[in-house]
Amino acid sequence: MDPEILLSQKQIDDESIAQLLISEMSLLKKDFDVLNDEFLDKFLEDYRLSPTALDKYLRCPVAFYYENVLRVPSARTAPFGFGRAVHESLHQFLYRYRDSDVPNLIKLEELFIQNMLSYKSHFTASEYTGYLEEGKQNLIEFVRHYWPMWRHAESMQFEIKKKEAFFREIPISGQLDRIDFIGNRITVIDYKTGNSSNAKQKVKAPDAKNPDGTDYWRQMIFYSIVLDYYPEFRNKDFSSIFYFVIKNEDTFAEVQVIPTDESKQKVGQQIVDVYTKIRQKKFAPGCGESDCTWCNYLNSGSLLKLHEDVEEIDES
């Protein structure tokens, strides 16, 4: 059978499974209720709170319950596949070629094409062509633009998975894209492949309008808390940068987040509050937003299509 047909069938099967699970759990059949203590205890046995999980719970406890606790599968999306292809291409390229005075952009393009092929099932035919061309153009210019700056790093680490950390006896984890080391300073780097037109707004600290802060701001503060657990990072000067890989008006956006004692105290309290509520099985009420799949489901029993979170990587 044609591989394209097999891939298409697999995607349809995943979506069908997701919709079947939602249908079986519909309020038209029963009231919303959390599963028994035994199931939740099993879930919590090895559970570690990650930045994405914290963000999701703060955004909507109901969505957290269905997506993180019950792990209802979601449909594959082009933005997610594109984001993973870009991330993996950058990691592979820098790992192999970072000592070069001039970046080998032909090798970079080859890596990106290979990684796009690995995620081809996330795209329609037209999406694949469009994302491939956009990625090749932006990724090459992105690396060429930042290469002189990155050459100053004494060393780099990639895809750093930290799964042994604790904060006030709460198990936490983080998966960092990259850490650059220069003297006593570490710079945590995170790549974003979404719209960069409002990049600065995406990393705003808490204010009266958004007392919890933005997801991107919280992500970097969370990472600093995770790294504080490890002696090799604890006494380092910490900085962080979000790099937006797709150009906006012919420029690449980058935004820094510098943790303070106040910001770490704020996110630390969020970690304690959310983890406590999870252990107490408090997954309601939901956010109530009109575009929330799970709140719509609970309020009306409507079955909306589920999609992968563009930014989410399973860090638990």
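Let me begin with burial: a residue counts as buried when its relative accessible area is under 20%, as exposed when over 50%, and as partly exposed in between, using a 1.4 Å probe and protein chains only. By that criterion Phe142, at 0% relative accessibility, is buried.

What we have here is a predicted model, in which local features need pLDDT of at least 70 and side-chain atom pairs count only at pLDDT 80 or more, while totals for chains, interfaces and linings use all residues. Residues are numbered from 1 along each chain as its sequence is written, and side-chain values use heavy atoms, with hydrogens and water left out.

Now the rings. Rings of Phe, Tyr and Trp (its six-membered ring) pair if their centres lie within 6.5 Å, and planes under 30 degrees apart are called stacked, over 60 edge-to-face, and the rest tilted; the count under this rule is 30 aromatic pairs. In one of them, Phe142 and Tyr243 have ring centres 5.9 Å apart and planes at 75 degrees, so they are edge-to-face. Phe142 also pairs edge-to-face with Phe252, the centres being 5.5 Å apart and the planes at 70 degrees, and Phe252 is itself buried, with a relative accessible area of 13%.

Turning to the cysteines, how many disulfides does a search of the whole structure find? It finds zero, a disulfide being a pair of cysteine sulfur atoms within 2.5 Å. Cys292 is in none, and its nearest cysteine sulfur, that of Cys287, is 3.6 Å away. The sulfur of Cys295 lies 3.7 Å from its closest cysteine sulfur, in Cys292, which is too far for a bond.
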